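Please keep the sequence and the three-dimensional view at hand while reading.

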Amino acid sequence: MAAWLLGTLFLSDAIADTKVKTGSNPKGIAALAIGKDMNVHLDGILEEEVWSRAPSNDHFYLYEPDNGKAAPGSLRTSVQVLVDADALIIGIRAWDRTGDRPQGTLARRDKVGQDQDFIGIFVDPSGHGRDAQFVRINTAGVLSDGLYRGVDDETDLGPDFPIDAAVKKLPDGYSMEVRWPLSSLRFPYSQDRKWRMMIERSVPHANGMMLLSTSLQKNALSYISEMQEILGIEETLSSIRDRSFFTIRPELTTRLIQDDVGLARKKSTVSSIGMEIHARPRADWVINATINPDFSQVEIDEPSAVGASHIAQDLPEKRGFFLESSDVLGVPISAFYSRSVADPSWGLRATWRGTESDATSMSLRDQAGAKVLRGSPYGTDEYQQNNRSRISLARMRWHSENRVNGIFLSERHYGLAGVNRVLGIDGQWSSKTEQGQDQVSWMLMQSTNTAGFNVQQQPIATVQHKGWYGLGKYSHRSLHWANQVTLESIGPNFVNDNGFVPQAGVLKMAADINRRLGSARVGADNFSVELHELEFHLGVRETRTYLDRETQQVANQIVQREIQPGIWLYAPGQTRFWTNLGFDQLRARRHGKLHNTPALHFGGESSPLPWLALITGEITVGKQLDQETDRVGNGGAAQLGVRWRLPMIRGTALEMDHRWNRIWVQGRTDRPAFVDKGWRWLGMLHFSSRDSMRVLMQNTSSSRFKDDISKVDSWQNRQQHQSIMYRHIWQHERSFSIGLSRDIALETSLKTVAATFKFQWML
């Protein structure tokens, strides 16, 4: 079998789809500097006289499908860039002579995807080509914005920028105007490196095409590795780099809460006033502070209880204090995880950017009530933080053309209950040749910890323990291969309460080998499908324990082993499908047996119709390990998601998300031994891009059924949530919302009803 797997992966180059690389525009993206007397009215119509004088940039290339080819003439795209003392102003004219109407309806912010026609703008003000701020605007004027990190090839939709955009639909396409304030772009004081930009255009009705203003090959390690320089803005940047900006955003949140347990009823009113302060004394310095921020500023779709700080680590980060200059911090969650700070009473942060180095530091006070998560070989232990803690972190990086090196110091002080400190160094190196691209990244940390918890989970000071953490990763990409090897070593006593390390005392090894075959036609003569991309995959993973005399953990014990060959394909209709055959082994506990858990894993996603925006699914069937009883049974895991976008009368739109999930392990009788299931329905009625009504309903249930062999008692946990919320947005960080929610825990008969009003206004 091994010979067959290797033979399949190492198919001849004749099968792979080779393409001739086409060159991008060597002149970069030309911009026109204008004065304040040349105002541009943001209406999406490029009719001002200044647009006739701005250089036109119309070199576009296919990214997918048919990577590297010139964009078709029927989808011509032209980009013009203006810059004044306050903002970058980008004008786009997108022609569409395919005969189909552009797809785009009102939707939630950060929900613009490839099922819609949109324009994406990536800007790298530092000029390193490693990180970029970006925004995507669909034809209904809805924005998705955030930060792209090239080192990890990751998109972070957390940051929201004060970007204004207007779109005008035309008989042969559409035009767009975008205003991006310079105050929200982060750049060094010295302009030794030129700003970079890349424009993307999504055309879903044209076979899911993605067009880029630069020729980017699929073997690139980063989506922004070929960004073009912005020409003609140097004089404007030199004149504004000493300008200072200052904003303050107060917020008021009031909750009316009613708790019912049986016949007992408790009512309360909770009000809080918070404040966000943001100052940029000059281009390379940013100082921000937060005072009593309200947890409800997290714009989530998942329900949470009124006192939600205890589940903060499960939520996406949307708090501006942590999102500011997050690229400078640039460490994985094992080093710093902002969700470990659940309910800060105050925080202060400063960030500096130079051409060849940058730095950031922060200090916060976190209130009691949050979870503290610490890893062990066979799981993550959870403790309650019953007293306040002080969090401090300092980080500095040094840049060169193909290297980044950094150092950081992290501390969490629990007062008399001890302190947790972590010192770390990290680096990244990349290389680009005609044969492909390579990247090596590494991190070393050492922890010193005197903060512990007793058997009652109360925080106490303990004797000092030191632990280590090491991470190394090598990646290689070429036209025919996409491979990665990872080695992670975590000592038994390593603790980082400002990060998230789900396991400790283990050595993790992983290798992913992907043989890229390019486009292919599969099927019989009378029925076949043209695949845009096809890959064969082999994934191998293993986790082993280290010796730990304190817990009597033996060394070299296998915790998990996976060998998973499979395939991945990209087909028309923006359809992606993958399947792996798992020859897996898993151990539930230290003295437990290493169980064989073979299973079939498969999943995919598709955007088949304009109104059926996205269908996603993931299924595992086979042998499953019941962790609580340490036995294997037939079972699986399944989850399905469906997203609908329906345009309605007078420019309104209805957006709906449905999700179902189920995990089960069959018992020794006819019924399952364990079942975890849930469903969620979210509906958003968009009256305009600024007004929306949200309705959310969710049911979750976990059940354990007793059998005669395991002797584990039966239990059940069922919860229900319903909520409705109206929100109005005047402009960026100026909004109010009012909502009503109800949460029910059926086993305890606890019912909580809460009415919430929130108002925030940036000054």
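A salt bridge is a side-chain nitrogen of Lys or Arg within 4 Å of a carboxyl oxygen of Asp or Glu. The structure is a predicted model, in which local features need pLDDT of at least 70 and side-chain atom pairs count only at pLDDT 80 or more, while totals for chains, interfaces and linings use all residues. Residues are numbered from 1 along each chain as its sequence is written, and side-chain values use heavy atoms, with hydrogens and water left out.

**Salt bridges**

- Side chains of opposite charge can pair when their charged atoms come close.
- The structure holds 43 salt bridges.
- One of them joins lysine 432 to glutamate 226, with the closest N and O atoms 2.2 Å apart.
- Lysine 432 belongs to strand β23 (residues 419–433) and glutamate 226 to the loop between β12 (209–212) and β13 (228–231), so this pair ties together parts that are 206 residues apart in sequence. Helices (H or I, at least four residues) and strands (E, at least two) are DSSP runs, numbered from the N terminus.
- Glutamate 226 counts as partly exposed, at 21% relative accessibility. Buried means under 20% relative accessible area, exposed means over 50%, and partly exposed lies in between (1.4 Å probe, protein chains only).
- Glutamate 542 and arginine 561 also form a salt bridge, their closest N and O atoms being 2.7 Å apart.
- Because glutamate 542 lies in strand β28 (residues 528–545) and arginine 561 in strand β29 (residues 558–571), the pair ties together parts that are 19 residues apart in sequence.
- Glutamate 542 counts as buried at 16% relative accessibility, whereas arginine 561 counts as partly exposed at 24%.
- Aspartate 626 and arginine 704 meet through their side chains in a salt bridge (2.7 Å, N to O).
- Aspartate 626 is in strand β34 (residues 612–626) and arginine 704 in strand β38 (residues 691–704), so the pair ties together parts that are 78 residues apart in sequence. Both aspartate 626 and arginine 704 are buried.

**Aromatic rings**

- The whole structure contains 19 aromatic pairs. Rings of Phe, Tyr and Trp (its six-membered ring) pair if their centres lie within 6.5 Å; planes under 30 degrees apart count as stacked, over 60 as edge-to-face and the rest as tilted.
- Phenylalanine 321 and phenylalanine 322 have ring centres 5.3 Å apart and planes at 90°, so the pair is edge-to-face. Both phenylalanine 321 and phenylalanine 322 are buried.
- Phenylalanine 759 and tryptophan 761 have ring centres 6.2 Å apart and planes at 5°, so the pair is stacked.
- Phenylalanine 759 is partly exposed at 32% relative accessibility, and tryptophan 761 is partly exposed with a relative accessible area of 26%.
- Tyr726, Trp730, Phe736, Phe757, Phe759 and Trp761 are linked by ring pairs into a cluster.

**Charges over rings**

- The charged end of arginine 76 sits over the ring of tryptophan 95, at 4.3 Å from its centre. A charge sits over a ring if NZ of Lys or CZ of Arg is within 6 Å of the ring centre and within 35 degrees of the ring normal.
- Lysine 218 has its charged end over the ring of tyrosine 63, 5.0 Å from the ring's centre.

**Nonpolar cores**

- The largest nonpolar core has 40 residues, and those with the most contacts inside it are Leu88, Ile90, Ile121, Trp180, Trp195 and Met197. A nonpolar core is a set of buried Ala, Val, Leu, Ile, Met, Phe, Trp, Tyr and Cys residues joined through side-chain atoms within 4.5 Å.
- Another core lies apart from the largest one and has 21 residues, among them Leu329, Met443, Tyr469 and Phe494.

**Glutamate 200**

- Glutamate 200 is located in strand β11 (residues 196–203) and is buried, with a relative accessible area of 0%.
- The side chains of glutamate 200 and arginine 136 are joined by a polar contact of 2.3 Å. A polar contact is a pair of N or O atoms within 3.5 Å; within protein, one must be able to donate a hydrogen and the other to accept it, and residues adjacent in sequence count only if both atoms are side-chain atoms.
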